[in-house]
Every structure is written in structure tokens, then in C-alpha cells.
Amino acid sequence: IMDEARLEFDHIDATSGSVFNLGMLLSGRSATQVADAWANLSPREFVSLHPLREYLAFWRLPSLLTQQAAVERILPKWGIDLEKIRACEEVNGHPVRATFNVLDFGTKRVKTITHTEMDLDYFLAVDAVPGVVPPIARDGTLYTDAMLLKDANLGEAVRQGAEEIWVIWTVEDRLEWRGGF
């Protein structure tokens, strides 16, 4: 809809898995290319394990998985470029400001990161789902996915001067429960 209707957004905010969508947009991909990236993804492409011997003492594991697959496979495959993200000034020819949200695990407060501050640690922290992948340690603070506290940072949109706010939320619509991971 963003490409077809030629929608323009002055501010785009991302939490959790939407970090990849916003990362692709700010790296120069179209919204259609973002949708195609997800449509052509096998969930296995996100899977990277700790060394197998570490699972023998599973109670000491920091998480079920690592983020190695995201760094080595997903970011390159989807054209997510952190330098382009930091330098981005427009999406589809329209000026844009972008923010990402992480959870400061110690204070239980959302920290908003501007796209001009984005680096690999913050990028991974935006999608560091507790228990699934490890938190990101930075400057003595653990950062995780903010979705458990706040999945849409509407306050930031207001601070950015939003006159209209669109919240896009998607969930699986299949009727069958497939169980397992």
C-alpha cells in the first residue's frame, strides 16, 4: 500500500521485528521489496545455534538462539546497510525521520534511538526477544526488544510533531495451530 498509494511518512518508528522493515526502507529498498523479502524468507534462515555443547547445560544458556544468522544472512540478503540507515534523509523521495526502540532492561524503560545513531548493537537489540536471542550489552546496560513493554512508541510520534498516526499491526491469520517452536 505504501508504494501503490504513494504514501509518504514524515516519521517512521520501529520496535521488534519491524526493525528489519525500517532497516530495508532506510537502506533504499521500496515497500514492495520489503514485503517480497518477507514472502521469500524461510524461518530457518533466522536460526543460528550456540555451540551444541552449550545446550548440555541448557539452564546456563543466555537464550535459545544467537543472532549470528541475522548478521551473516538476513542483513546482507535484505540489503540492510547501517551506513545507509544513518545517512538516510528520505524514503521514496520524501524527507523522513526514523526512530527505533529498545528496552533498557535494568530500568525497564524504552530508549529511543534515532536512525542517525543506529549501529549493529542497537539494531540487534531492537529485536533481542528475551529467551529467544541474548540481550545486547552496551555501556554496562542490557538492551532487549521493547515489544514486551511498548510495541508502538506513539509518544515519540507526537514528539516528532505527528498530525496523524498510523499504527500497522500484523498477525498470522492461518486457522491451524502448528505447535512447536
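Biologist: Which residue with a positive phi follows H1?

Modeller: Quick heads-up: this is a predicted model, where local features need pLDDT of at least 70, side-chain atom pairs count only at pLDDT 80 or more, and totals for chains, interfaces and linings use all residues. Residues are numbered from 1 along each chain as its sequence is written, and side-chain values use heavy atoms, with hydrogens and water left out. H1 covers residues 18-26, and the residue after H1 with phi near 105° is Gly-28.

Biologist: What pattern does the protein chain follow along the sequence?

Modeller: Helices (H or I, at least four residues) and strands (E, at least two) are DSSP runs, numbered from the N terminus. The protein chain has 6 helices and 7 strands. Read along the sequence, they come as β-α-α-α-α-β-β-β-β-α-β-β-α.

Biologist: How many residues of H1 are buried?

Modeller: Buried means under 20% relative accessible area, exposed over 50%, and partly exposed in between (1.4 Å probe, protein chains only). Val-19, Phe-20, Leu-22, Gly-23, Met-24, Leu-25 and Leu-26 are the buried ones in H1. H1 is mostly covered, then, and the count of buried residues is 7 of 9.

Biologist: What separation do the C-alpha atoms of Ala-98 and Asp-13 have?

Modeller: Ala-98 is in strand S4 and is buried, with a relative accessible area of 3%. Contact means heavy atoms within 4.5 Å, and, leaving aside neighbours within four places in sequence, the contacts of Ala-98 include His-11, Ile-12, Leu-22 and Leu-26. Ala-98 and Asp-13 are 85 residues apart along the chain, yet the separation of their C-alpha atoms is 5.6 Å.

Biologist: Is Ser-16 buried or exposed?

Modeller: Ser-16 sits in the loop between S1 and H1. Its phi is near 60°, a positive value in a residue other than glycine. With a relative accessible area of 10%, Ser-16 is buried.

Biologist: Where is Asn-92 placed?

Modeller: Asn-92 has a positive phi of about 55° although it is not a glycine. At 45% relative accessibility, Asn-92 counts as partly exposed. Its place is in the loop between strand S2 (90-91) and strand S3 (94-95).

Biologist: Which residues is Ile-165 in contact with, leaving aside neighbours within four places in sequence?

Modeller: Ile-165 lies in the segment after helix H6 (154-159), and is partly exposed at a relative accessible area of 40%. The C-alpha atoms of Ile-165 and Asp-121 are separated by 28 Å. The contacts of Ile-165 are Leu-154, Ala-157 and Val-158.
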